[in-house]
Amino acid sequence: MTVIVLSGPIGAGKSSLTGILADYLGTKPFYESVDDNPVLPLFYADPKKYAFLLQVYFLNTRFHSIKDALTEDNNVLDRSIYEDALFFQMNADIGRATSEEVDTYYELLHNMMRELDNMPKKRPDLLVHIKVSYNTMIKRIQKRGRPYEQLSYDATLEDYYKRLLRYYKPWYKKYNYSPKMVIDGDKLDFMTSEKDRQIVLDQIVAKLKEMGKLPKDWDKPTDVKIKA
Ligand SMILES: Nc1ncnc2c1ncn2[C@@H]1O[C@H](COP(=O)(O)OP(=O)(O)O)[C@@H](O)[C@H]1O
Ligand SMILES: Nc1nc2c(ncn2[C@H]2C[C@H](O)[C@@H](COP(=O)(O)O)O2)c(=O)[nH]1
């Protein structure tokens, strides 16, 4: 059983790479609840009012996904539960949560993490982090086109996104729940370049082989077509 989790800022390419990787490895993809998330547009319209509710919503859906993923055979998750606190702490630091909400959130998070410790498989096997610069992040957010994430919707999002990138650096450095690796999301256009996509897949496969999670002679199953 192998569980891979993707991490990275908004628009880094996590969902895209989750699909590509799951297809390539012949495993199941698990996606974050975004387009069906009723709280997300409310949050972008009034972050102070909805930061806590959104976080509880995400934490709950991530908890469900990770529980399912840790009981299934092989799979890929498009964001880790370990990034949940990064988002909430950042929002709390800019005044979008009361101290009661912060305390309640951390207590809930710790309770949930303790539940995960009781699972037959406690941790993912590999974290694949997609690193992007601010410019790449913005280009991808524009390309994806969710209205409430655009700078034209709210100019303060520039600060929010830059801050998010700053929070990711120490977060990745500290992350120690599993082996980890970085994909250069600025250089590697795994959506439109077949060559770049193969480079990324080769890097991940090499890491899985090094960890003993794939046999040394593993090759892509011939009937698998990589979808972009
Ligand atoms: N490496 C990449 N090169 C070019 N475009 C990308 C790349 N990764 C993602 N994209 C595009 O950027 C947008 C955001 O990607 P997405 O996978 O939704 O990011 P995330 O899940 O990290 O928020 C999508 O339109 C996707 O097609
Ligand atoms: N406040 C929070 N917002 C979050 C969290 N997780 C995701 N998000 C937002 C960011 C994007 O607008 C959207 C989807 O994220 P992607 O990175 O997949 O584009 O949801 C969170 O924990 N807190």
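## Pockets and ligands

The largest pocket has a volume of about 820 Å³. Pockets were found on a 1 Å grid over the protein atoms alone, as open sets of points where a 1.4 Å probe fits, with protein on both sides within 12 Å along at least five of seven lines. Grid points are joined across faces, edges and corners, and a volume is the space filled by probe spheres set on the points. The model is predicted: local features need pLDDT of at least 70, side-chain atom pairs count only at pLDDT 80 or more, and totals for chains, interfaces and linings use all residues. Residues are numbered from 1 along each chain as its sequence is written, ligands are numbered from 1 in the order in which they are written, and side-chain values use heavy atoms, with hydrogens and water left out.

The lining of the largest pocket comprises 40 residues, and Ile 10, Gly 11, Ala 12, Arg 144 and Arg 146 lie nearest its centre; a lining residue has an atom within 4 Å of a grid point. At least two lining residues come from each of α1, α2 (39-45), α3 (47-71), α4 (84-93) and α6. Helices are DSSP runs (H or I, at least four residues), numbered from the N terminus. By class, the lining has 16 nonpolar, nine polar and 15 charged residues. Ala, Val, Leu, Ile, Met, Phe, Trp, Tyr, Cys and Pro count as nonpolar, Asp, Glu, Lys and Arg as charged, and the others, Gly among them, as polar.

Ligand 1 sits in the largest pocket, and ligand 2 also sits there; the criterion is that more than half of the atoms of a molecule lie within 2 Å of the grid points. The elements that give two or more residues to the shell around ligand 1 are α1 (14-25) and α6 (134-144). There are 15 residues around ligand 1, with Gly 13, Lys 14, Ser 15, Ser 16 and Arg 144 coming nearest; a residue is near if one of its heavy atoms lies within 4 Å. This shell holds six nonpolar, four polar and five charged residues.

Around ligand 2 there are 19 residues, the closest being Lys 14, Tyr 44, Gln 55, Arg 62 and Glu 149. Nine of the shell residues are nonpolar, three polar and seven charged. Two or more of them come from each of α2, α3 and α4, and α3 gives the largest share, four residues.

Polar contacts (pairs of N or O atoms within 3.5 Å) of the two ligands include these:

| Ligand atom | Protein atom | Distance |
|---|---|---|
| Ligand 1, oxygen | Ser 16, side-chain N or O | 2.5 Å |
| Ligand 1, nitrogen | Leu 188, backbone N or O | 2.9 Å |
| Ligand 1, nitrogen | Asp 189, polar side-chain atom | 2.9 Å |
| Ligand 2, oxygen | Lys 14, side-chain N or O | 2.7 Å |
| Ligand 2, oxygen | Gln 55, side-chain N or O | 2.8 Å |
| Ligand 2, oxygen | Arg 144, side-chain N or O | 3.1 Å |

Taken alone, ligand 2 exposes 490 Å², of which the protein buries 99%. For ligand 1, the accessible area on its own is 560 Å², and the protein covers 89% of that. Accessible areas come from the Shrake-Rupley method with a 1.4 Å probe.

The second largest pocket has a volume of about 480 Å³. Its lining consists of 16 residues, and Tyr 82, Ala 85, Leu 86, Trp 171 and Lys 174 lie nearest its centre. α4, α5 (99-117) and α7 (157-174) are the elements that give two or more residues to this lining. Twelve of the lining residues are nonpolar, three polar and one charged.

Note on methods
A polar contact is a pair of N or O atoms within 3.5 Å; within protein, one must be able to donate a hydrogen and the other to accept it, and residues adjacent in sequence count only if both atoms are side-chain atoms.
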